[in-house]
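Hi,

Here is the structure I promised to pass on.

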Amino acid sequence: MSASHSVSSYWKNRARRHTMLMGYLFVAPMALYVLIVHFIPIASSLYLSFTDYNILTAPKWVGVANYVKLLFRDDLFRRAMRNTAQYALEVLPLNIAISLALALLVNRATRGIVIFRTLFYLPVVTSIIAVSMIWLWLYEPRSGLINLILGKLGVGPVNWLGSPALALHSLVLMRVWRGVGWNMVIYLAGLQGIPQYLYEAAEIDGASGLGKFRYITWPMLKPVTYYIIVMGLISTFQTFGEVYAMTGGGPLDSTTTVAFLVYQRAFQYFEMGEASAVAFLLFGVILVLSLVNIRYFQTRLD
Amino acid sequence: MVRRLVQALVVAMLVACIAVPGMAADKVKINLWFAGNPKPMMDAVNNELVPDFKAANPDIDLEVTFVPWGDLSTKLATSFAGGVAPDVFMHGQAATAGFASSDQVEPLDGYIAAMPDAADFGVTLDAGVYFGKRYMMPIFGSGWLLMYRADQFKEVGLDPNKPPATWEELRDAAKKLTIWQGGRLVREGLDLPSTGVNPPQIWACLLWQNGGDFFNQDFTKCVFNSPEGVEALQFIVDLIHKDKTTDTSINMGQGNIPSIATGEVAMLFAVPGDCAAVKTYAPDVYKEVRIAPPLARKKQVALYAFNGFFMSKSSKHKPEAWRTMTYFSSPKAIETICGSLRSLPPRQSLANMSFIAEDANLKTYVKGMPSARGNPNIPQWVKIRDVLSRYIEKAMYGAMTPKEALDAAAKEGDEILKK
């Protein structure tokens with residue numbers, strides 16, 4: 001009995017070991033990819049953030065000097081943080097409101113609705129540089145389309161990208177235009193997951209359209225909204241392409257975002273240590289904001 | 001049948017793998033990076049110069065890469081760091097100090113001394129000098145001179161044959177040429193860039209014309225916040241805020257057509273490439289476009305800069321790299337490259353080459369070369385220039401007075417110099 005038990009357990013363990021080995025083998029390519037492409041560069045970057053490194057000579061250990069300089073003596077870093085936060089706070093609510101409105105509009109089985117869905121989604125699949133070039137023309141102060149239309153109405157000219165007071169808002173407008181299609185699709189999926197019987201029950205109870213939205217649609221979409229806020233925060237805090245292509249961080253640093261500052265320090269001045277420190281501070285901010293969001297929304301969702 | 005076909009393919013691939021390295025083994029591979037990727041230059045290099053070079057140098061396997069200017073410094077730095085730098089690369093003269101101080105480029109004095117026609121380059125060979133050593137073979141150049149519209153000069157009663165020669169004349173002409181309509185600036189008398197790297201370039205011309213300079217003699221202190229520098233910046237600020245001959249909007253022209261050709265701007269500081277752009281995209285307007293000689297105040301000066309080839313210190317084939325440089329700096333190659341870019345040739349013998357002889361504006365650029373001055377050749381220049389850009393922009397937007405802006409820039413500049 002005991003011998004047969006040990007034989008059977010041997011075969012069981014062997015089978016389990018084989019299964020485990022196969023599992024590890026299947027996971028290995030992806031694990032290696034993550035290790036080589038993500039973890040090693042992140043760890044290297046963390047190390048570099050404590051050094052003075054210009055690519056051409058060996059890194060020199062400087063401890064926390066880069067962080068101290070950025071946090072206490074670097075006006076441009078503080079300005080970039082403020083700009084980025086302002087940008088995110090303007091983009092996210094606008095994006096959520098417009099994308100939800102669009103999702104509600106296209107969430108119906110009307111003939112030709114697919115065309116509208118595609119049109120709203122089209123800017124998302126267009127390259128950020130191509131979009132930026134088009135908007136540069138639209139914003140051109142003297143011959144741009146927007147100012148030409150405003151001129152016909154007796155308004156302007158508006159110095160969209162040349163005015164320190166307006167440049168960041170102008171980038172926000174472009175970003176919202178480009179981003180609503182993506183969130184519209186996510187909201188659309190959320191809307192189609194809401195059980196129809198809830199609306200039918202509400203109708204029997206005499207609920208108005210606004211009431212149905214307030215008491216059914218919006219609460220049922222909260223997990224989707226939470227996802228959009230977290231992902232939106234991460235992506236807006238990493239804004240780079242449009243700043244690089246349209247304003248170069250100006251005028252008067254009014255559009256310098258943290259990601260653009262990383263690029264400037266790393267690839268214009270080759271201050272890799274300082275650039276890495278900026279990147280890790282940005283990572284810290286995104287991490288804290290995401291954790292706050294997760295806790296807040298989890299409490300609300302529970 | 002299929003099996004035989006597969007076998008034949010495998011054999012062919014094996015033969016190719018063995019034969020190709022064998023064939024290339026007796027050739028020396030030289031990587032050459034050109035800065036910029038305008039189509040006319042790429043066509044001229046690929047279709048005319050490279051085949052000619054290969055025919056004359058069968059022992060060199062030349063690989064040419066065109067790197068956009070915006071990516072050039074980054075790509076070079078990473079390739080040097082990775083040990084895969086090109087044997088020969090093109091860059092601006094202002095990059096000399098950075099590469100030379102970090103020992104990335106080879107001094108060329110020995111090679112140049114053996115050149116039979118080195119004298120043809122004249123003083124342009126000094127564009128790439130760092131601590132007395134020459135590092136760059138100049139290939140093409142440009143300068144910042146005043147571009148104006150002759151038809152608009154006539155329209156406001158100015159003589160197009162007597163362009164502004166002093167600051168005062170420039171201001172008067174700008175005021176006359178400016179058109180405001182109901183709060184809209186319809187035509188800028190003098191367009192001045194307010195963002196990016198161009199504002200310090202324009203201001204540098206005025207600084208030098210006013211007798212000022214960027215640094216003290218041993219490059220240990222910024223002196224650009226001198227009264228001369230402040231006066232030069234005040235002149236720019238007054239044109240924006242007092243005379244209102246321009247504003248701080250970003251003027252892009254229309255499509256490829258520069259703003260001077262669309263009529264939105266009457267005067268601007270331009271490089272020869274701008275002449276080429278107007279000539280290509282608005283040929284009817286080009287006959288009305290003129291270039292003025294360098295302005296003068298205490299001195300007649302304008303900013304000129306040359307771009308040229310550098311040899312990597314890490315190149316394993318320096319004799320072949322030099323042969324490549326010799327070919328691409330020959331009169332024929334420079335004529336082809338400059339002709340494609342409509343740029344200024346560094347060789348004196350090419351001063352009257354056909355595309356310059358046919359174009360009065362380009363002739364003005366060539367004539368202005370004795371008044372040329374280049375940006376300071378120190379490793380910290382790019383950083384200090386960017387600091388200056390930020391503070392000049394602040395003054396142009398009225399966020400700081402010219403003195404406050406230049407004092408703050410000098411303070412930051414001094415810290416960069418110390419580092």
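Predicted model: local features only at pLDDT ≥ 70, side-chain atom pairs only at ≥ 80, totals over all residues.

Helices (H or I, at least four residues) and strands (E, at least two) are DSSP runs, numbered from the N terminus.

Residues are numbered from 1 along each chain as its sequence is written, and chains are lettered from A and ligands numbered from 1 in the order in which they are written.

Chain A

Chain A has 13 helices and two strands. Its C-alpha trace spans about 100 × 75 × 35 Å along the principal axes. The radius of gyration of chain A is 26 Å, whereas a compact globule of 302 residues would have one near 19 Å. (That radius is taken over C-alpha atoms, and the globule rule is 2.2 Å times the number of residues to the power 0.38.)

What I liked here is helix 10, so let me go through its partners. Axes are lines fitted to C-alpha atoms, for helices over the stretch in contact, and angles run from 0 to 180 degrees between N-to-C directions. Residues are in contact if their C-beta atoms, placed from the backbone, lie within 7 Å.

Helix 3 (residues 75-106) of chain A packs with helix 10 of chain A at about 145°, their axes 9 Å apart, and the crossing is right-handed. On the helix 3 side the contact includes A:Tyr87, A:Val91 and A:Leu92, and on the helix 10 side A:Ile228, A:Gly232 and A:Phe237 are among the residues they meet. The contact of these two helices divides into nine nonpolar, five polar and no charged residues. For those classes, Ala, Val, Leu, Ile, Met, Phe, Trp, Tyr, Cys and Pro count as nonpolar, Asp, Glu, Lys and Arg as charged, and the others, Gly among them, as polar.

Helix 7 (residues 167-192) of chain A packs with helix 10 (residues 222-237) of chain A at about 160°, again with the axes 9 Å apart. That makes helix 7 of chain A roughly antiparallel to helix 10 of chain A (angles under 35 degrees count as roughly parallel, over 145 as roughly antiparallel, 65 to 115 as roughly perpendicular and the rest as oblique). This crossing of helix 7 and helix 10 of chain A is right-handed. A:Asn183, A:Ile186, A:Tyr187 and A:Gly190 of helix 7 make the contact with A:Val224, A:Tyr227 and A:Ile228 of helix 10. By class that gives five nonpolar, two polar and no charged residues.

One backbone detail: the peptide bond from A:Gly250 to A:Pro251 is cis, with omega near -5°. A:Pro251 sits in the loop between helix 11 (241-247) and helix 12 (258-268) of chain A.

Chain B

Chain B has 18 helices and 13 strands. Its radius of gyration is 24 Å, close to the 22 Å that the globule rule gives for 419 residues, so chain B is as compact as a globular protein of that length.

Three strands of chain B form an open sheet in the order 10-7-11, with antiparallel pairing; strands pair if DSSP finds at least two bridges between them. Strand 10 (267-270) and strand 11 (289-291) are the edge strands, each pairing on one side only. Four bridges join strand 7 (residues 145-149) to strand 10 of chain B, and B:Leu146 has B:Phe269 as its bridge partner in strand 10.

Also in chain B, B:Phe219 has a positive phi of about 55° although it is not a glycine.

Between the chains

The contact takes 20 residues from chain A and 24 residues from chain B. The chain A side has 12 nonpolar, five polar and three charged residues.

Cheers

Note on methods. Contact = placed C-beta atoms within 7 Å. Left-handed = near helix turned anticlockwise from the far one by under 90°.
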